[in-house]
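Below are some notes on the model you sent.

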Amino acid sequence: MKLSVRIVLAVLCAALIVSMPFFLSSPNLLSEAEMDIQMGGEEDDNSLDFGRLLFPSAMAEDAEGGHFDSEDIDVDEPTKLSIPESWVLPFDFTVPPEPDPDHFSENGYEDQSIRVRVETLRLFDSNVNVAYVEIASPSQLRTAIDNRDHPVSQIAKANNAVIAMNGDYYRKDSNNKFFEIRMTKALKVGKNLSKSFDTLVIDKNGDFHVFVLSDGLKDYKEKHMNDISNAFLFGPALVKDGEIVVRENSKYMYAPNGKDGRSAIGQTGPLSYVMVLVESHSKNSEGVTHAELAQIMYDLGCIQAYNLDGGNSAELIMQGPSPDVELLHYKGNHEANYRNQSDIVYFATAVPVEERK
Amino acid sequence: MKMWEEAPQTEIFGIPVYTFGLYCLVGALCAVVCIRILCGELKMKKGTAWVLSLASIVFGLVFSRLSYCIVRLIGDMIGGGGVLPVSFWFRLSTGGWSLYGMIFGVFIAARVTAAITKEPKRRLLDIVSCALPLAMAAERAGERLFEVFNISRSIPDGQFPANTFLAVHDAVYGDNYIATYDYCAVAAVILFLLLVFTLTRGRTREGDVWIMFMILAGAGGAILESLRYDSFMELSFVRIQQAAAAALLVWGVIAAGKRVNGDRKRLFTAAAISLPITIGAVIGIEFALDKTNLSHVLLYVLMVIFVAVPVVLGLKLLLGGREKGKEAA
């Protein structure tokens, strides 16, 4: 073989090897990239993209990520809490500041950015633990994922949660018809969304949007994908636009008409929420049905409310002033051990540690 | 240039690059140097090393991507959530590569190189088989950068190898996990040394080292992939990477068997019979690992024993054939 040919081959080899750090980003498809592809987005013009050269039409659909005007919730009065712009937490998995030990009370927590009060009600022959939460900025409503699975208490502690509850089971399910987003990171954004499940979407204003049997979700996703902070697939939807979601002879999920431990989250107003944990499998708390839970959420003033994972998975936890002592810890099934979870929903303080007096 | 923020990055001379890609660069560079040296040692025609290197990189990348995309496509079709557009297959920076696809691509590259240079294809397969473990070691070391991949089976508190260099310690939760990617990288380096030693000793038939690679890399992969817990390339409960490793082992044993005749046919029959038994046993052990409280150490010892049977028989077939060849000479 001629020397010139050998040189050309060597140069080609070197070029390919040197180019590797510019396009070999990850062994697996990055979820960030997957969302971009699902939305028909494009990479920067300078990036290595043979697809654009070969399939220009497939890449041309640009997502309409326009501004979102909340239509579902009538926003009348601003929250009483407010914080400087510089304190606002990012919509990502950054661990927020630790709660201030001096701001805990025996049943809650309050500082400049968050107000939490927990009480236990007796409803439907059950202990219904309710956390009323107000926050100053939408990103204080946060989620955390844990790829290795741990108890809710451990995930909450690792993320400096003021108050936390279990998320949904389906984050780990292999079904790609689901719509699962956590802190703007798309975990599952199937093109054909399941019509068997209700979906809860939380936007970057902190407003809830409930989609019964995912009806309307596809359109919403196409228009507002960039405005979504979190999306859950579990359900059922309990309250939608201020009305109880009624289901005759429901067969939704596990034992919809049976008495069981339940966890639910609802929005009562702008940046105001309730987290509800109903206890079961104990002498004085038998649990509730989905319909009863919907009634509870409605009575608590929810405009939108959604059922999360229940039974042994249901937990509501509030860290205490000391990092090793939990202030409150309720679980859905009194007879069960704590179950490892892959995600939580939680509320955090936005007050930076250095700003505390 | 847009970089995906999710992927670990570093800067070289102020230019941001993907760290995983940097590991792959080092692996590819080492592999090319290895090919160059071995082609010289084995007195291949001038230029063969460059043709083989270029073909290996191109075919390795193409088949690696292709394998991932096909598995993803099948998974999407089974899942029913809609498939990713074909353009995704060509958007290389999105991530999505298969190690075993890369290995298969490099085998094809050796055959293409043989057709171009008229060198014996089995000898070229021997050479790339020596170089491959270097690329594999670097790639595996690169995978440990990703928290989402760096998930392996957990180690209960106080049990070996917790709190040793053989474990990954999770500081947030205080848990210990098996350091699978380190094991994979070390195993690949050991495999490289073994194969190079075998090839350069000068007593091998053409293709023996390639078959050894398939048997040993396949067996090692079948066990090491079991230690992972990161759901990478899964179809339902089937781990595609582990199945691909098993396929490599089966291919290696059959290739070894096809090289023998006469009295050693019985040994080949034994090796062939051991394959489905081993695969069945490994599947059973996998279920036991996931669904029972049996000791994981015990189950992995059992898995190693079962996998060792076709490996020993396969290598015996190779070794026997080699001795027979020597006698004839």
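1. A definition comes before the rest: an angle between axes over 145 degrees counts as roughly antiparallel. The model is a predicted one, and that applies to every point below.

2. Helix H4 (residues 99-117) and helix H5 (residues 121-143), both of chain B, have axes that come within 9 Å and cross at roughly 150 degrees. H4(B) and H5(B) are therefore roughly antiparallel to each other. Their crossing is right-handed.

3. On the H4(B) side, the residues making this contact are Leu99(B), Ile103(B), Val106(B), Phe107(B), Ala109(B), Ala110(B), Arg111(B), Thr113(B) and Ala114(B). H5(B) contributes Lys121(B), Leu124(B), Leu125(B), Val128(B), Leu132(B), Met136(B) and Glu139(B). Sorted by class, the contact of H4(B) with H5(B) holds 12 nonpolar, 1 polar and 3 charged residues.

4. The axes of helix H1 (residues 3-23) of chain A and helix H1 (residues 19-41) of chain B come within 7 Å, with a crossing angle of roughly 160 degrees. H1(A) and H1(B) are therefore roughly antiparallel to each other, and H1(A) passes H1(B) in a right-handed crossing.

5. Which residues make the contact of H1(A) with H1(B)? From H1(A) they are Cys13(A), Ile17(A), Met20(A), Pro21(A), Phe22(A) and Phe23(A). From H1(B) they are Gly21(B), Leu22(B), Cys24(B), Leu25(B), Ala28(B), Leu29(B) and Val32(B). The class count for this contact is 12 nonpolar, 1 polar and no charged residues.

6. Turning to whole chains, chain B contains 10 helices and 7 strands. Its radius of gyration is 21 Å, close to the 20 Å from the globule rule for 329 residues, so chain B is as compact as a globular protein of that length. The C-alpha trace of chain B spans about 65 × 50 × 40 Å along its principal axes.

7. Within chain B, 50% of the 329 residues count as buried. Of the chain B contacts with a separation of 6 or more, 73% are between residues 24 or more positions apart.

8. Chain A has 7 helices and 19 strands. Buried residues account for 50% of its 357 residues. For contacts in chain A between residues at least 6 apart in sequence, 72% join residues at least 24 apart.

Conventions. Residues numbered from 1 in each chain as written. Chains lettered and ligands numbered in written order. Predicted model: local features only at pLDDT ≥ 70, side-chain atom pairs only at ≥ 80, totals over all residues. Helix = DSSP H or I, 4+ residues; strand = E, 2+ residues; numbered from the N terminus. Buried ≥ 20, exposed ≤ 12 C-beta atoms within 10 Å, placed from the backbone. Contact = placed C-beta atoms within 7 Å. Axes fitted to C-alpha atoms, helices over the stretch in contact; angles between N-to-C directions. Parallel < 35°, antiparallel > 145°, perpendicular 65-115°, else oblique. Left-handed = near helix turned anticlockwise from the far one by under 90°. Nonpolar A, V, L, I, M, F, W, Y, C, P; charged D, E, K, R; others polar. Rg over C-alpha atoms; globule rule 2.2 N^0.38 Å.
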